[in-house]
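Reader: I would like to learn how to read a ligand site and a helix beside it. Where do we begin?

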Amino acid sequence: MDKYVIHGGKPLFGEVNISGAKNAAVAIIPAAILVDGVVRVENIPMIQDVIIEMEILRELGVKVRAVNPGTLEIDSRGLNRFSAVSDLNLKMRASYYLIGAFLGRFHRAEVAMPGGCNFGGVRPIDQHMKGFEALGAKMDTRGGVVYADATEGLKGANIYLDVVSVGATMNIMMAACMAEGQTVIENAAKEPHIVDLANFLNSMGADIMGAGTDVIKIRGVSKLTGGVYSTIPDQIEAGTYMAAVAAAGGSVLIKNIIPKHLDCITAKLEEMGLEMEEVDDSIRITKTGKLRRIQVKTLPYPGFPTDMQPQLGAVLCLAEGTSIITEGVWESRFRYSDELRRMGAKIQVDGKVAVIEGVEKFTGALVRASDLRAGAALVIAGLAAEGTTEVEEIAYIERGYEDLVGKLQRLGADIRRVSVPAVAIPKAN
Ligand code: EPU
């Protein structure tokens, strides 16, 4: 069981290069099987979720290779299966994108789905199912496998999403771009990765308009052909390094970003007293004094992202006064607060609301990540803490952050990844 060991209290200085966006990459990779040709995707983060998806595609017979670090070539011309039911699927939520991709290409799909969710609560896919049904697919779920059948063809439809869902918007977009006629998705999600997937599909020959607004119009085409595409930078990875500076102090140039995508995050950090300076595709963040308390509610884009909520929560533990966080996207996402309390934080959670009373400092402790962003929050707390913090269950963190340890070390952090050999427990008599 590997872990991170952090000797905290060192401010961060220097530059950090932001990788390609995880939540765009995990949609674009399965979407590549819609293409009857060779797809080259650049700026792909080499994270565990991407590696698992590459394996899933290989199991299906798709040729996937990393032509250089960060560039994948995906050739699914030989693909003739629409069934992905291996254990690999159960390792990541984003395997649900295979339903839309298979449906678009073969008008049929069988995809094994993972169960509950790491940050507590359920992660329903009813809006994905509703969208596919509207396009003419018969949907069924048996034994943890989703079956979709549109052998009579996919037909464009008007689909109103009852909740703003990133996954449903992208999944429906994938199937609809190969349907007959026009599909309109209303109340669509507007995240930058929605626009990225639409741009990717359009560059392969799809006809999608309005991505980035809440009405997306898709005119079906009969075929997508290959090409080259480059994924957008990861707004959440960028925000995570900003939060690290806010907690640990220092001044860091966050490079290779689209500053506009970060407005929802930088606005809140500025309100807390951080200084921001935007230069082309970079932002310099500098901590100059004490952090001020804020109130924040997570919302779909362009609101404050739920995927930055735990990291901001860790920072607010060190702000003067009482801050309030309301989780507006997920049922609950505060499991990290128990661990931060072990480091001296004062957080009270009641359902979707966390009340955080600022403390002077964190003290190092042994803590455990419960999901990707919770893990990032613990690393941030560890960087700011007095003493040594050990973060366990780092596999969660490495699902979504490329070279987190290396990037932080280059900023001057004292963080190491330590391999801990599994201890054999003797059998009881
Ligand atoms: N929802 C439904 N029905 C559905 C789909 C969603 O009720 O059919 C609800 C969810 O329960 C939730 C809300 O709608 O309350 C938003 O869910 P959404 O579908 O937008 O989430 P997702 O697509 O499953 C993606 C990211 C998450 C991120 C959310 C929200 C990927 C692979 N995952 O999930 O990222 O939190 O959007 O922005 O893109 C992360 O990166 O740490 C992460 C969890």
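Author: With residue classes. Ala, Val, Leu, Ile, Met, Phe, Trp, Tyr, Cys and Pro count as nonpolar. Asp, Glu, Lys and Arg count as charged, and the others, Gly among them, as polar. Note that this is a predicted model.

Reader: How do the residues of the shell around the ligand divide?

Author: Into 11 nonpolar, 6 polar and 6 charged. Of the 23 residues around the ligand, those that come nearest are Gln 127, Ser 165, Val 166, Asp 307 and Val 329.

Reader: How much of the ligand does the protein bury?

Author: The ligand alone exposes 830 Å², and the protein buries 88% of that.

Reader: Which elements give two or more residues to the shell?

Author: Helices H1 (22-31), H4 (126-134), H5 (166-176) and H11. Domain 1 (2-19 + 233-419) and domain 2 (22-230) each supply at least three shell residues.

Reader: Now H11. Is this helix mostly covered or exposed?

Author: In general, an α-helix has 3.6 residues a turn, so residues three or four places apart point the same way. As for H11, 13 of its 13 residues are buried. The helix spans residues 372-384 and reaches 19 Å between its end C-alphas, close to the expected 18 Å. At its start, a side-chain oxygen of Asp 371 comes within 3.0 Å of the backbone nitrogen of Arg 373.

Conventions: Residues are numbered from 1 along each chain as its sequence is written. This is a predicted model: local features need pLDDT of at least 70, side-chain atom pairs count only at pLDDT 80 or more; totals for chains, interfaces and linings use all residues. Side-chain values use heavy atoms; hydrogens and water are left out. Helices (H or I, at least four residues) and strands (E, at least two) are DSSP runs, numbered from the N terminus. The expected span of a helix is 1.5 Å times one less than its number of residues. Buried means under 20% relative accessible area, exposed over 50%, partly exposed in between (1.4 Å probe, protein chains only). A polar contact is a pair of N or O atoms within 3.5 Å; within protein, one must be able to donate a hydrogen and the other to accept it, and residues adjacent in sequence count only if both atoms are side-chain atoms. A residue is near a molecule or strand if one of its heavy atoms lies within 4 Å of it. Accessible areas come from the Shrake-Rupley method with a 1.4 Å probe; for residues, only the protein chains shown count as cover. Domain bounds come from an automatic or database domain assignment.
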